[in-house]
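Please view the sequence and the structure together while reading.

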Amino acid sequence: MKRLKSLHQWFFGFGSPLTIGVFRIIFGFLAFVCLLLLSTSFGDWYSVTGYVTPDIAREVLFGKTYPDFLNGIESNSLILIAFVATTVSAFLVMIGLFARVATIVLALGLIGLHHRNIDILNSGDTLMRLIAIYMVFAPSGAACSLDRLIRRWKGKEGAALPEVSLWPQRLIGIQVALLYLTTAWHKSFGGRWLDGTATYYTGRLEEFERFPVPGLINEQPMVMIATYYTLLIEVALGILVFAKPTRKWVLIGGLVLHGGIEYGMNIPLFAFVICSTYIVYYDGDEIAGWFKRLAKRFSERAINVSVPGASSKGKLEVLESLSPLGLVKYTPVNGEPWVANRADGRAQSWVTASLARSMGAWLLWIAPPLWASIVRSSAVEDSSSAND
């Protein structure tokens, strides 16, 4: 009973949304990049006059009707609108703006586009589609998002992160574990995997070749080592990844496996998508611990920005939160000029120095004056509200 209760708490319990927030950024970025890459050949892959016409698409799907909004649509304009909407939603998911709506649009868009042409999909694409569905139910905008930043700016939330239900995060972890287990299971029925020669034949797939691989890799005993290593790591990633003592080493093993695949085989974004999910096996408190340890390493890069005319912190604390490593601190002063001082006393341009250390504002590098305007306006508001 105790173990069942512990399992129930692990799956249905509440905790920090930091993990799912960081994962949302990575996942949204990968989906956005994937769609940008596909956009270069949109006419070939998705148009009604491309390689796969609507009739062929239905035939490939064995005449089955799938729940997607592109099923039966034979207008290039409508398909293009759907593609653009999906791409925009991926960008919004990445930055965490209208996160709930954006994840719904992204999931529906990926389902429709994937069913429109399944011939160009790899396992990474399929996993991306499944994750998009899980993200619809996840509180992905509760941390590391513009949605939260806006709520804090308006005074609707405090500095402390709210606790959220963790079951969507757990589902993603379980999905990936099942992916590895079923892959290893199917491979166990293949004679080449059992006799230790399978990776030799995968290395002969010339259509997937990317970078040159040393000849030693395709000779024994390296072929046997690579074959059995793949099987062992896949089993470990399906089981041992849930145990904290072995989790770190198993995930490192997975990174080595997919790093080798990414180097030698041209399977667009496959390794990046699947490795991005590794973060969901860590709780938010553990992610926060990583940031604290990184902050100590980069502490000598921290700066203090003197904000003249502001007698209280107010919204400046919200701007400080845009630097997850705590490398920027805004200090209200009287009669002093805007200046950024490093720990060693050196002065820097406060605009570029604070922007470079505020990861949450990096998109504003296209317009640094906008960043300066936001910081100045927050200081003015603080000063006026304090005088009132």
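## Aromatic pairs and their burial

F83 counts as buried, at 4% relative accessibility, where buried means under 20% relative accessible area, exposed over 50% and partly exposed in between, with a 1.4 Å probe and protein chains only. The model is a predicted one, in which local features need pLDDT of at least 70 and side-chain atom pairs count only at pLDDT 80 or more, while totals for chains, interfaces and linings use all residues. Residues are numbered from 1 along each chain as its sequence is written, and side-chain values use heavy atoms, with hydrogens and water left out.

The partner of F83 is F42, and the two form an edge-to-face aromatic pair with 5.3 Å centre to centre and 65° between the planes. Because F42 lies in helix α3 (residues 42–45) and F83 in helix α5, the pair ties together parts that are 41 residues apart in sequence. F42 is also buried, with a relative accessible area of 12%. Rings of Phe, Tyr and Trp (its six-membered ring) are paired here if their centres lie within 6.5 Å, and planes under 30 degrees apart count as stacked, over 60 as edge-to-face and the rest as tilted; by this rule the count comes to 16 aromatic pairs. Helices (H or I, at least four residues) and strands (E, at least two) are DSSP runs numbered from the N terminus.

Another pair joins W45 and Y51, whose planes stand at 55° with the ring centres 5.7 Å apart, so the pair is tilted. W45 is partly exposed at 27% relative accessibility, whereas Y51 is exposed, with a relative accessible area of 58%. One aromatic cluster is formed by W10, F11, F12, F242 and Y281.

| Charged residue | Ring | Distance to ring centre |
|---|---|---|
| K248 | W249 | 4.8 Å |
| R376 | W338 | 5.7 Å |

## Nonpolar cores

A nonpolar core is a set of buried Ala, Val, Leu, Ile, Met, Phe, Trp, Tyr and Cys residues joined through side-chain atoms within 4.5 Å. The largest has 53 residues, and those with the most contacts inside it are F23, F27, M135 and I172. Helices that each supply at least two residues of this core include α2 (18–39), α7 (123–136) and α9 (167–187), and the largest share, 11 residues, comes from α2. Not counting residues up to four places away in sequence, M135 touches I20, F23, R24, F27, T103, S140 and I172, a contact being heavy atoms within 4.5 Å. A second, separate core of 19 residues includes A340, V351, A353 and L355.

## Cysteines and strand pairing

With a disulfide defined as a pair of cysteine sulfur atoms within 2.5 Å, the count comes to 0 disulfides. C34 is buried at 10% relative accessibility, and C144 is partly exposed at 35%.

Strands are taken to pair if DSSP finds at least two bridges between them. Strand β3 (residues 303–308) runs parallel to strand β4 (residues 328–333), joined by 6 bridges, and V307 has P332 in β4 as its bridge partner. β3 also pairs with strand β5 (residues 339–342), in the antiparallel sense over 4 bridges, where the partner of I303 is R342.

Notes: A charge sits over a ring if NZ of Lys or CZ of Arg is within 6 Å of the ring centre and within 35 degrees of the ring normal.
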